[in-house]
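Keep in mind as you go that the model is predicted.

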Amino acid sequence: MLTLSTATYDAIVAHARRDHPDEACGVVAGPEGSDRPVRVIEMLNAARSPTFYEFDSADLFQLYKEMEANDEEPVIVYHSHTATEAYPSRTDINLAQEPNAHYVLVSTRQPDTVEFRSFRIVQGTVTEEPVQVVAEL
Amino acid sequence: MAVEVKIPTILRTYTDGSKAVPGDGANLAALLDDLETRYSGLKARLITDDGSLHRFVNIYVNDEDVRFTGSLDTTLSDGDSVTILPAVAGGSF
């Protein structure tokens, strides 16, 4: 199960909407081992594409350096799909390399309906998990 | 050249869970060969069959992505910090 605050949920959805029709991507960091996603870090999609996302290599390095200095880890890795469902694609599965992260997918294909789902992706196996949104985390 | 190598979560299965390990080499290729002698299987996760760096693995020497400094030929100095990070990427298809 992924538990996150309303503020974090809203921030991820707002980022996805803002970058539509390109895919949006980012991380929600939290204290190492806590499973608490508390710090939203919007990342630039270096691919600037409606069908692909990739963190810029220098931004990625800075992000991990910062998380290491704060004793944080990426609790959530999120990105949007802008024309397809909020489910990991073959590419998403092949490239998922954070075995401890919750992979959140948001679909912005419908302007008025939010599709927000969370998955574990470990060694090519996708497991969907419930998402619990709470007022305060 | 004695350097420290930071290992990402997904590759710590090769290093008994260690986040950072010491290594040695005049350049990045030599360092990866040195690591392979102690952490068997690690190199294949970083280098393709044709000997180039995997497209979705990033290696940095100090703050520089080695793609901009000569890739596997990037030279190392004593005390350098080498960081391995998997790319964070995906797509709709």
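Chain B has two helices and six strands. Read from the N terminus, its elements go β-β-α-α-β-β-β-β. With a radius of gyration of 13 Å against the 12 Å that the globule rule gives for 93 residues, chain B is as compact as a globular protein of that length. If you box in its C-alpha atoms along the principal axes, you get roughly 45 × 30 × 25 Å. Buried residues account for 28% of the 93 residues in chain B. As for how the chain folds back on itself, take the contacts between residues at least 6 apart in sequence: 51% of them join residues at least 24 apart.

Six strands make it up, in the order 3-2-5-6-7-8, and the pairing is mixed. Strand 3 (39-43) and strand 8 (125-129) of chain A sit at the edges, each pairing on one side only. On average, neighbouring strands here are turned by 30° against each other, direction ignored. Inside the sheet, strand 5 (residues 72-81) and strand 6 (residues 102-107) of chain A pair in the parallel sense, with six bridges between them. To find your place in that pair, look for A:Ile76, which stands opposite A:His102 in strand 6 of chain A. Helix 2 (residues 57-69) of chain A lies across strand 2 (25-31), strand 3 and strand 5 of chain A, and runs at about 145° to strand 5.

A:Ile76 turns up again in the largest nonpolar core, which has 35 residues; A:Ile76 and A:Tyr103 are the ones with the most contacts inside it. Leaving aside residues up to four places away in sequence, A:Tyr103 touches A:Val77, A:Pro88, A:Ala96, A:Ser118, A:Phe119 and A:Ile121. Another core, of 14 residues, lies apart from that one and includes B:Val3, B:Ile7, B:Leu32 and B:Val82.

So much for the insides; where do the two chains meet? The contact draws 24 residues from chain A and 17 residues from chain B. On the chain B side, strand 3 (57-61), strand 5 (81-86) and strand 6 (89-91) each supply at least two residues. That side of chain B divides into nine nonpolar, six polar and two charged residues. Strands also pair across the contact: strand 4 (residues 52-54) of chain A and strand 6 of chain B run antiparallel, joined by three bridges. Zoom in on A:Tyr53 and you'll find its bridge partner, B:Gly90, in strand 6 of chain B.

How values were computed: Residues are numbered from 1 along each chain as its sequence is written. Chains are lettered from A and ligands numbered from 1 in the order in which they are written. This is a predicted model: local features need pLDDT of at least 70, side-chain atom pairs count only at pLDDT 80 or more; totals for chains, interfaces and linings use all residues. Two residues are in contact if their C-beta atoms, placed from the backbone, lie within 7 Å. Helices (H or I, at least four residues) and strands (E, at least two) are DSSP runs, numbered from the N terminus. Ala, Val, Leu, Ile, Met, Phe, Trp, Tyr, Cys and Pro count as nonpolar, Asp, Glu, Lys and Arg as charged, and the others, Gly among them, as polar. Two strands pair if DSSP finds at least two bridges between them. Axes are lines fitted to C-alpha atoms, for helices over the stretch in contact, and angles run from 0 to 180 degrees between N-to-C directions. A nonpolar core is a set of buried Ala, Val, Leu, Ile, Met, Phe, Trp, Tyr and Cys residues joined through C-beta atoms within 7 Å. A residue is buried if 20 or more other C-beta atoms lie within 10 Å of its own, exposed if 12 or fewer, and partly exposed in between; C-beta atoms are placed from the backbone. The radius of gyration is taken over C-alpha atoms; the globule rule is 2.2 Å times the number of residues to the power 0.38.
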